[in-house]
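Visitor: I am new here. Please show me the structure, then let me ask my questions.

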Amino acid sequence: MQRGRADRIRIFRASVTKWQLKVLLTILGMSIIGVVLYVTKTIVDELAANERRTVELYARLLARYYERASDDELLYYIDQTNASIHFPVILTGRDGVPLYPFQQFMINVELDTTLSIEKQKAWLLTYIDDMRRDYPPFEIKGPDGRVIQLIFYANSAVVRELRYVPFVEITLVAAFILVGYVSFSTIRRNEESHIWVGMAKEAAHQLGTPLSSLLAWLELLRINKNSPDEVESTAEQMQQDVERLNVIANRFAKIGAMPSKHKVRVADVLERACRYFETRLPILGKRILLVRDFDDTLEANLNQELFEWVIENLIRNAVDALDRQDGVIEVRLTARPRGGIIVTVKDNGKGMTRKVASRIFQTGFTTKTRGWGLGLPLSKRIIEDYHGGRLTIVQTQPGVGTTFAVEVPAS
Ligand SMILES: Nc1ncnc2c1ncn2[C@@H]1O[C@H](COP(=O)(O)OP(=O)(O)OP(=O)(O)O)[C@@H](O)[C@H]1O
Ligand SMILES: [Mg+2]
């Protein structure tokens, strides 16, 4: 009961993390964009308000100057304000028409003075129209309260550019995320094909066995060609080897393809894997009892080839671990308490020390002279990534044996 719950929590967590991560990243991305937008907007607003205040001050100073034209101190302040203006300002008559000579009534406006006066004026009029669209002009009133002049202004280049910064930043972040996403999924797809490449290596390794036994059967056929019974049984054996070659060829054909899953009777898949080993055990020179205990009713959503390959690996490891005469391997199929299936492969072989057991899922880890150290890491990936399940050691003890469990939840 306790264990069942722990298992469920772990599987639940494993399947939810990827989804959670996506939500978390989206929220994080949105917050970053939000903060950037907010900060830039605050700065831009502040700068724009500052510029507006400066123009206002300038307008007031000018109005005052028109009242008392002889005030030198005022002239000094006007000059000072003038110097602190870093944005375009144009002084016009009260009708909004630029005053002549143009250069004297404007600041920071790049007027092309090589043009004719008329053209300059026309250009300025459109320029003023643009300014009016952004902000209404300030009015400079005379002592009698009548409007004498208008001051038009536009924001400085800094403010104008800053307004675009958030969009540039958002575009950059989006491009970054896109590149990241694409490269991650490419890496993932590459890893997927690595699984098949690994299997292909193993399969190539295995090709030798049925081929050499076929040669032996052929020899037997020649010897027994006059005894129909012998020929019949040899043909049956040959049939199995040919089927095996077919399975291996199929695995090669799948390299690089995205594995698909179908609902299958699990006992059938297990039976095929067991039978393959039973016929091979005499060749391996071992007397091993392969015990099955299958719940025939159980079905699961599996990629049959990959799953069979995993079971084959577990059995092969068990066979390798058996160094005694009365070796027993038990393959058991039961219903998973929370739905789905559990397959256990138990041997009474040499077992593992804690240190070995902690490393068996690392790629390339092997204690065998002719091992690749690929079987378990690939199996784990197949069970966990493709089937959303778990591959674990249930128990192992040096000199006593080992039990592995494959769990696949109901989909
Ligand atoms: N049933 C078992 N009993 C004892 N040790 C085992 C068992 N299964 C796996 N091991 C240990 O785990 C190691 C890694 O196993 P794995 O299947 O990944 O690689 P391998 O069998 O060494 O090589 P291969 O790539 O050919 O499968 C083995 O070398 C062995 O030490
Ligand atoms: Mg192995």
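Guide: A word on terms: domain bounds come from an automatic or database domain assignment. This is a predicted model, where local features need pLDDT of at least 70, side-chain atom pairs count only at pLDDT 80 or more, and totals for chains, interfaces and linings use all residues. Residues are numbered from 1 along each chain as its sequence is written, while chains are lettered from A and ligands numbered from 1 in the order in which they are written.

Visitor: How far apart do the C-alpha centres of domain 1 and domain 2 lie?
Guide: Domain 1 covers 19–155 and domain 2 covers 260–411. Between their C-alpha centres the distance is 79 Å.

Visitor: Which helix gives the most to the shell around ligand 1?
Guide: A residue is near a molecule if its C-beta atom, placed from the backbone, lies within 6 Å of it. Helices are DSSP runs (H or I, at least four residues), numbered from the N terminus. Both α7 (304–321) and α9 (375–387) supply at least two residues of the shell. The most, four residues, come from α7.

Visitor: Is glycine 364 buried or exposed?
Guide: Glycine 364 sits in the loop between α8 (354–357) and α9. Buried means 20 or more other C-beta atoms within 10 Å of a residue's own, exposed 12 or fewer, partly exposed in between, with C-beta atoms placed from the backbone. Glycine 364 has 10 such neighbours, so the residue counts as exposed.

Visitor: What is the mean pLDDT of the protein chain?
Guide: pLDDT is the predictor's confidence in each residue, from 0 to 100. In this chain 90% of residues reach 70 or more, and the mean is 85.
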